[in-house]
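Good morning, and thank you for coming. I shall present one protein model; please have its sequence and structure in view as I speak.

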Amino acid sequence: MKKVVKFGGSSLASAKQFKKVGDIIRSDKSRRYVIPSAPGKRNDKDEKVTDMLYQCYEAASTGGAYKKILEKIKSRYEEIIDGLELNLNLTHEFETIEENFVNKAGRDYAASRGEYLNGLVMAEYLGFEFVDAADVVFFHEDGSFDAETTNRELGERLESVERAVIPGFYGATADGTVKTFSRGGSDVTGSLVAKAIHADMYENWTDVSGFLVADPRIIKNPEVIETITYRELRELAYMGASVLHEDAIFPVRKEGIPINIRNTNKPEDKGTLIVESTCRKPRYTITGIAGKKGFCSINIEKAMMNAEVGFGRKVLEVFEKYGISFEHIPSGIDTMTVFVHQSEFEEYEQSVIAGIHRLVEPDFVELESDLALIAVVGRGMKATRGTAGRIFSALAHARINVKMIDQGSSELNIIIGVKNSDFEQAIKAIYDIFITAEL
């Protein structure tokens, strides 16, 4: 069994956190490949090492005063090294970094050094081999990621390495210029390593015990999602849930490798398992609730609309002309409603209305602003009767007016439209009827 384990910045912010990580890795011999992030914040008033590296580079590359910032960065690593009682000296590494900063090696190079240095510390602490990501993760000259070369080089390099530390977040072009991932950071590197070595599991360790059913800023202590499919995850992410970026999921999804989101500070918690598909019956009817504010609706009415071939296409042409993408299009026999982001629409609203009138000659066009969309997602809804009815009942009981409801043919999600002012209360009502009531 082979596991790739990635640890986020909060998991590696101090020597104390490093020791927790060491215990986690040593407790399971299958945890053979480790992807560290740069040290994060130790407390709310602290600074991330990556942020300090950016500041230091900006000063050094423009001839400003950078020595104090560099000393602060050095002290962070020295504190970790001393706390772990390691025989490791990073003086040469910092001399190289300082020289490259002054010589304007680039912001990507600067940002990557946090992971690079933490990788050296982690390798020394665990007794694992250090593999520089710049040697095995490749980018094209235009800055785009070279997936084919990376997969080949990573696979060949790690084939003969029993246990390794590979820093996250960065790679390099063919000429050695360091490049960073614009989105997903170290999560992407972990996913790439898992794919290249055909791992059995990709464990992503952070400071939470998995994905939550709802936003904790709205629901106090929401339940953790035990198992979620990639499709469910995508639906929740699209509606604003804070989850792994698609770039970090795609490589392992393509290989059918499950991802386990775990908590470094509570390693006994099972976390959330992300899978392609599963026979496991979900604990609740729904998997998760997510939503976003700031939408408006354009309701178009015309008698016998359904008999007009091309009616919908002509309406959407108007939105396309002004570069406005739509979110949902619920429709009836004589009505068609288009939901769009209000911020994108406001500038062109009168032009869009005029365009709709010209192309389809509607009987009536009505706008409604300040709307929110809520996605109720769950594979368990397929096998459960009356899910939509329970949602309506819960919202009616909370005295919330439903502006729109839309269910996809997959029965994986139901989208509800409400006023912005009812958004939080609507999520609470849905959570109570499906989670609190089923506990």
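This is a predicted model: local features need pLDDT of at least 70, side-chain atom pairs count only at pLDDT 80 or more; totals for chains, interfaces and linings use all residues.

How many helices and strands does the secondary structure of the protein come to? The protein has 14 helices and 16 strands. Helices (H or I, at least four residues) and strands (E, at least two) are DSSP runs, numbered from the N terminus.

Residues are numbered from 1 along each chain as its sequence is written, and side-chain values use heavy atoms, with hydrogens and water left out.

Let me begin with the protein as a whole. Its C-alpha trace spans about 80 × 50 × 40 Å along the principal axes. Of the 439 residues, 52% are buried. Buried means under 20% relative accessible area, exposed means over 50%, and partly exposed lies in between (1.4 Å probe, protein chains only). Among contacts with a separation of 6 or more, 75% are between residues 24 or more positions apart. A contact here means heavy atoms within 4.5 Å.

I turn now to the annotated positions. Under "binding site", an unreviewed UniProt entry lists Lys-6, Phe-7, Gly-8, Gly-9, Thr-206, Asp-207 and Arg-217. They are spread over 212 residues of sequence, and also in space, up to 26.2 Å between C-alpha atoms. UniProt positions are given in the numbering used here, feature names are shortened, and annotations may be inferred rather than shown by experiment.

Phe-7 is in strand E1, residues 3-7. Is Phe-7 buried or exposed? Phe-7 counts as buried because its relative accessibility is 0%. Asp-207, by contrast, is in the loop between strand E7 (201-206) and strand E8 (227-229). Asp-207 counts as partly exposed because its relative accessibility is 44%. Leaving aside neighbours within four places in sequence, Asp-207 is in contact with Ser-10, Asn-263 and Asn-265. With Ser-10, the side chain of Asp-207 makes a side-chain polar contact of 3.5 Å. A polar contact is a pair of N or O atoms within 3.5 Å; within protein, one must be able to donate a hydrogen and the other to accept it, and residues adjacent in sequence count only if both atoms are side-chain atoms.

Next come two arginines in strand E2. Arg-31 is placed in strand E2, and Arg-32 is found there too, within residues 31-36. Arg-31 counts as buried because its relative accessibility is 7%. The side chains of Arg-31 and Ser-27 are joined by a polar contact of 3.2 Å. Not counting residues up to four places away in sequence, Arg-31 touches several residues, including Phe-128, Glu-203, Trp-205 and Arg-262.

Arg-32 also counts as buried, because its relative accessibility is 15%. Which backbone oxygen lies 3.0 Å from a polar atom of the side chain of Arg-32? The backbone oxygen belongs to Glu-162. Glu-162 is also one of the residues in contact with Arg-32, as are Met-1, Val-161 and Ala-164.

Tyr-230 is in helix H8, residues 230-238. Tyr-230 is buried because its relative accessible area is 3%. A polar atom of its side chain lies 2.8 Å from the backbone oxygen of Ile-257. Beyond four places in sequence, Tyr-230 touches residues including Ile-249, Pro-258, Ile-274 and Glu-276.

Let us consider the cysteines. A disulfide is a covalent bond between the sulfur atoms of two cysteines. With the cut-off that the sulfur atoms be within 2.5 Å, a search of the whole structure finds zero disulfides. Cys-56 counts as buried because its relative accessibility is 0%, and Cys-296 is buried with a relative accessible area of 5%.

Finally, I come to a pocket. The second largest pocket is lined by 19 residues, and Phe-145, Phe-181, Val-188, Leu-192 and Asp-247 lie nearest its centre. Helix H6 (147-159), helix H7 (185-196) and helix H9 (246-255) each supply at least two residues of this lining. On a 1 Å grid over the protein atoms alone, a pocket is an open set of points where a 1.4 Å probe fits, with protein on both sides within 12 Å along at least five of seven lines; lining residues have an atom within 4 Å of a point.
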